[in-house]
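The sequence and structure are shown first.

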Amino acid sequence: MSNVHGSKGAFVAGDWIPIEECAEKFNLKGEKTSGDCYREKYSKECASCPRSRSAHCATKSDGTYDVVVIGAGSIGGAIARELSKTTASVLILEGSDDVTQGATKGNSGIVHAGYDDKPGSVRAKYCWPGNQMFPQLDKELHFGFEKCGSLVVARSKEDEDILSDLMKRGEKNGVKNLRIVKQAELREMEPMINKDAISALYSPDAGNITPYEYAIALAENAVDNGVELRLRRVVKGIAKDDDGLFKISADYWESSAAMHPSSKWWRPFLAPALVVMLILNGVYFFTYGQTVLGTTLNMVTTIGISILFTSDKQELHPSEFEPSKGTNMTGVAVKETIRARYIVNAAGCQSDEIAKMVGDDSFIIKPRMGEYILLHKDEGHKTRHILFPAPHPFLGKGVLVQKTLWGNLILGPTARDTLKKNESTGEYEIDPKVRDEPRDNILSFILAKCKNLVPEIDARKVIHTFAGARAKKHNW
């Protein structure tokens, strides 16, 4: 039985730590978190915590920020965490109701080695160095990192030629420890692999994380170090003030029940109660004249009228947030204005919209959909490494078989572009063929591809399916 993170031990910095050693090697020791400090200062009751934002405010004395990071996924969180090591005042703005809610929440969680990236590209430059940072990152944050290694599997002579090209590409990219394993060794490494598999490119430094745990750890640590986080803030516009600072306009949205004054239980009864109070006040005054009780009734009525006509002071307006095409979250919003010297665009599938706000229309994001299947932990023993097929020259790494930190098998993803260009208007629109593809077709495709790698995968063990959309440029 393979090791399962959190059961009789944990993965730390890529390696397995048995439970007997966790007290020494897993438990983090250090200062209290920002949440601890807030509760000690104010209250231990969660109701006292500010809604949809961190307790800490990072504004400078003039009310501005040095840096605003737009987007609280893996990239935005990592950037904010690095900035938190400086003296800069930093704010993260996230449109969703929590961190990780974009591409971060729905992807494979693979720490790639960098052997397949085009030499000379930005990805090729940073993938291998980034891979080598993960053991230390996990030592510091304990989000869970397993260095399990990956195998790109060849089933034909043509596939073996692809492995040779990948090996050369990896060497150009500075990737270490790559080697080709032949059939006999491959079977020792992966006893349940397809009998047609004849060799594989082995990268021992590839690994697994749980992507949302990673992003949460980054954001929490950034906030602990003084970064301010505001959730449910949808950026609507960016302008430049005369002093050279950026002025960001954002809608702070909530459900009507959370923000609108009329959602308070007593609000619907306030107006009728005031009518009754006015009548009683008038009758009492004409019957008994001015008394202490009459004065009290008058004061209560005045306060009630004041609440009735001034509690909508925030100028709430209807709001609709679209985190992905076809997904709409409605509520009410109030305008916020933030001023900052620098802006970091880490908005994922909305990054082209943010770029346009500062005059950059050089790219368009066409979200690429990836569907996944999650299998029961009973299937987790059927692979020990991340298994890739030989990649397609245009469609990428292909559909893979991978064990999660929690012991499940995850199968996928597909790679389906959700938008297509309307040749008449020149605009990108939702592709109805992709949108309306029957679910059974998608799942059957994933299972068929994965059984080419591990034939004994049991489709009856499917416990969950999900999808994610990653930011893909229109010309990539």
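## Helix α7 and the residue after it

Just after α7, G226 adopts a positive phi of about 110 degrees. The model under discussion is predicted.

Helix α7 itself covers residues 211-224, 14 residues in total. From its first C-alpha to its last, α7 reaches 20 Å, close to the 20 Å expected at 1.5 Å a residue. Several positions of α7 are buried: P211, Y214, A215, A217, L218, A219, N221, A222 and V223. In an α-helix there are 3.6 residues a turn, so residues three or four places apart point the same way.

Most residues other than glycine have a negative phi, and most peptide bonds are trans. A13 is not a glycine, yet its phi is positive, at about 60 degrees. The residue is found in the loop that joins β1 (9-12) and β2 (15-18). Because its relative accessibility is 11%, under the 20% cut-off, A13 counts as buried.

S52, likewise not a glycine, has a positive phi of about 60 degrees. Its place is the loop between α2 (34-41) and β3 (65-70). S52 has a relative accessible area of 12% and is therefore buried.

## A cis peptide bond

Which form does the peptide bond from G412 to P413 take, cis or trans? The bond is cis, and its omega is near 0 degrees. P413 sits in the loop between β19 (409-412) and β20 (416-417).

Notes: Residues numbered from 1 in each chain as written. Predicted model: local features only at pLDDT ≥ 70, side-chain atom pairs only at ≥ 80, totals over all residues. Heavy atoms only, no water. Helix = DSSP H or I, 4+ residues; strand = E, 2+ residues; numbered from the N terminus. Expected span 1.5 Å × (residues − 1). Buried < 20%, exposed > 50% of the residue type's maximum accessible area, 1.4 Å probe, protein only.
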